[in-house]
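Here are my notes on this one, in the order I would go through them with the model open. Have a look and see whether you read it the way I do.

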Amino acid sequence: MSRSNDDPRRQVQVLPERIGNVADSEFPGHYPGEDHSWNLQKFKKNLICSIQRLTPSTVEFDLVGVDASIANALRRVMIAEIPTVAIETVYVWNNTSIMQDEVLCHRLGLIPLKIDPRELVYKKSANSAPHDRDTVVFDLRVRCDKKDGSKGETDPKKMYHDSNVYTGMLQWQVNEDQRKRMGGEAPRPVDPDILLVKLRPGQMVDMHCFANKGTGADHAKFSPVATASYRLLPHIKLRGPIPEEHQEKFQKCFVPGVIAIKEDEYGSPQVVVENPRKDTVSREVLRHKEFEGLVELSRIRDHFLYNVESAGQYRPEELIPEAIDILLKKISDVEVGLDKLFEDDATAA
Amino acid sequence: MADSTQQAAKLDNAGTLQASVLAGIIPDKITILPGHEPDYSACTFCLAQEDHTLGNALRWMIMKDADVEFCGYSAPHPSEPKIHLRIQMYENLSAVDCLRKALANLRDLLTTVKDKYELSLASDDFVREDDVDVAKLVKRTLASRGFGDGVEADEDEIMVD
């Protein structure tokens with residue numbers, strides 16, 4: 001089972017003016033007589049990964065028992081290295097809207113597209129000819145016109161046809177081979193209701209858009225996550241009983257739900273920590289003289305609370321396995337590189 | 001003699017990089033910088049196309065090895081997509097073997113995390129909810145504050161042909 005949260009080695013101290021004990025010290029040779037070298041069995045025993053909450057767009061989960069470098073690697077890969085498909089090249093045949101071509105094209109690039117990136121390959125180079133294996137084509141052709149009999153009307157919706165251009169108006173250039181590979185689903189924007197530009201009678205946009213596969217490292221529009229972050233689990237240790245007259249004040253130093261006042265076996269009210277997870281670690285409690293020395297705030301160094309919100313290209317629960325696969329690929333790339341290095345070395349010698 | 005210089009050239013990262021710039025080829029994934037111990041008990045590796053993502057994780061895993069005297073990494077320049085990884089071993093052990101071992105250990109670690117994650121996903125022991133309908137929430141809030149009617153219902157109904 002996992003180690004106790006009261007173990008001071010697992011705690012990052014939250015002090016009034018600073019944080020302490022930030023770095024992990026459990027490395028071989030640090031503590032005499034203790035073995036802290038890598039041990040897969042021990043790691044497996046201590047590791048906890050449990051999903052807490054899942055919605056169509058977000059996943060929240062706990063990862064306990066890993067180092068910050070691993071947790072951070074997962075976060076970084078989710079943000080910058082999981083590929084998605086986004087509009088990369090646009091031919092502007094006509095644009096008489098008030099929005100400049102380049103601004104509108106930039107907006108088109110930022111639209112999250114519901115296309116499974118695993119079914120496409122990266123384009124060989126920026127200048128190589130598009131192929132249906134690497135490029136998905138959309139057309140945006142909208143023209144605004146006056147509606148008949150709308151005299152005296154002031155609402156643009158009632159006065160004009162297509163005065164608002166939405167993402168849902170992007171039309172996929174049908175390619176049956178692509179449709180088959182996407183499991184019969186036509187590529188489309190994730191949200192059909194994002195406003196791209198407004199038009200007035202006589203204005204039109206006619207654009208030919210090429211979507212390619214890319215990663216967030218190249219451009220943030222390719223990032224599959226809206227947010228991918230973690231925080232450390234807050235830990236509150238009560239060092240002594242809080243006098244009854246201060247209990248309500250003590251409770252109010254924390255976010256509602258963190259501290260509860262419960263009766264002990266003698267029927268007198270006592271302060272207990274109910275749910276430290278909800279705490280924001282505001283340190284308000286450390287500002288008051290009457291609570292000095294009665295409470296210790298900390299965070300658990302290897303208990304990560306992840307919050308991952310998908311931008312829509314992937315289901316949120318798919319992101320972590322994807323990120324791990326990409327990290328595994330990095331590892332095997334280095335291994336292959338090492339083999340090659342010493343192979344060359346052997347032939348040279 | 002000629003052999004040893006040739007060998008050094010192979011492992012000389014600066015040379016490789018320059019050659020790659022001239023020939024337009026992708027540099028090797030991993031090279032060993034000049035100045036390493038002849039028995040590889042202390043060397044600095046250069047990993048191309050890598051950053052803190054792998055660098056820090058690998059550094060941590062290498063530091064978990066009891067035979068390692070020192071391990072550190074750096075990204076020499078933010079616009080160069082490479083990292084330098086320095087490993088020094090006790091008792092003249094090979095840093096290359098240590099790196100291989102660390103890579104294998106890191107793979108074990110990640111597969112363990114993945115397995116546990118998928119186990120948790122399959123157990124279905126978590127809260128499933130719908131997303132907050134922001135548009136609805138805003139409308140309700142405005143209405144409760146008495147702004148409901150005055151607000152233009154512009155983005156309310158979307159007409160997509």
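1. A word on contacts before we start: I count two residues as touching when they have heavy atoms within 4.5 Å. With that in hand, B:Phe45 touches residues including A:Leu338, B:Ile30, B:Ile83, B:Leu85, B:Ile87 and B:Leu99, leaving aside residues up to four places away in sequence.

2. Some housekeeping. This is a predicted model, where local features need pLDDT of at least 70 and side-chain atom pairs count only at pLDDT 80 or more, while totals for chains, interfaces and linings use all residues. Residues are numbered from 1 along each chain as its sequence is written, chains are lettered from A and ligands numbered from 1 in the order in which they are written, and side-chain values use heavy atoms, with hydrogens and water left out.

3. Back to B:Phe45. Together with B:Ile87, B:Phe45 has the most contacts inside the largest nonpolar core, which has 68 residues. By "nonpolar core" I mean a set of buried Ala, Val, Leu, Ile, Met, Phe, Trp, Tyr and Cys residues joined through side-chain atoms within 4.5 Å; "buried" is under 20% relative accessible area, "exposed" over 50%, and "partly exposed" in between (1.4 Å probe, protein chains only). Another core, of 31 residues, lies apart from the largest one, and A:Val85, A:Met99, A:Ile111 and A:Val142 are among its members.

4. Next, salt bridges (a side-chain nitrogen of Lys or Arg within 4 Å of a carboxyl oxygen of Asp or Glu). How many salt bridges are there over all chains? The count is 34. One of them pairs A:Asp62 with A:Arg277, at 2.6 Å from N to O. A:Asp62 is in strand S4 (residues 58-64) of chain A and A:Arg277 in the loop between strands S17 (269-273) and S18 (295-310), so this bridge ties together parts 215 residues apart in sequence. Helices (H or I, at least four residues) and strands (E, at least two) are DSSP runs, numbered from the N terminus. A:Asp62 is buried at 4% relative accessibility, whereas A:Arg277 is partly exposed at 29%.

5. A:Glu296 is partly exposed at 31%, and A:Arg239 is exposed at 56%.

6. Which salt bridge partner does A:Asp339 have? That would be B:Arg100, with the closest N and O atoms 2.9 Å apart. A:Asp339 is in helix H7 (residues 319-348) of chain A and B:Arg100 in helix H4 (residues 95-123) of chain B, so the two chains are joined here. Accessibility is 40% for A:Asp339, which counts as partly exposed, and B:Arg100 is partly exposed too, at 31%. Have a look also at A:Asp116, A:Arg118, A:Arg315, A:Glu317, A:Glu318 and A:Glu322, which are linked into one network by salt bridges that share partners.

7. On to the rings: I find 11 aromatic pairs over all chains. Rings of Phe, Tyr and Trp (its six-membered ring) pair if their centres lie within 6.5 Å; planes under 30 degrees apart are stacked, over 60 edge-to-face and the rest tilted. A:Trp38 and B:Trp60 are edge-to-face, at 6.3 Å between centres and 80 degrees between planes. This pair crosses between chains, from a loop of chain A that sits between strand S2 (19-20) and helix H1 (40-46) to helix H3 (residues 52-63) of chain B. A:Trp38 is buried at 17%, and B:Trp60 is buried at 6%.

8. A:Phe342 and B:Tyr40 have ring centres 5.5 Å apart and planes at 75 degrees, so they are edge-to-face. A:Phe342 comes from helix H7 of chain A and B:Tyr40 from the loop between strands S1 (30-32) and S2 (42-48) of chain B, so this pair joins two chains. A:Phe342 is partly exposed at 22%, while B:Tyr40 is buried at 13%.

9. Finally, helix H5 (residues 134-144) of chain B is hardly covered, with 0 buried residues among its 11. B:Gly146 follows that helix, with a positive phi near 85 degrees.
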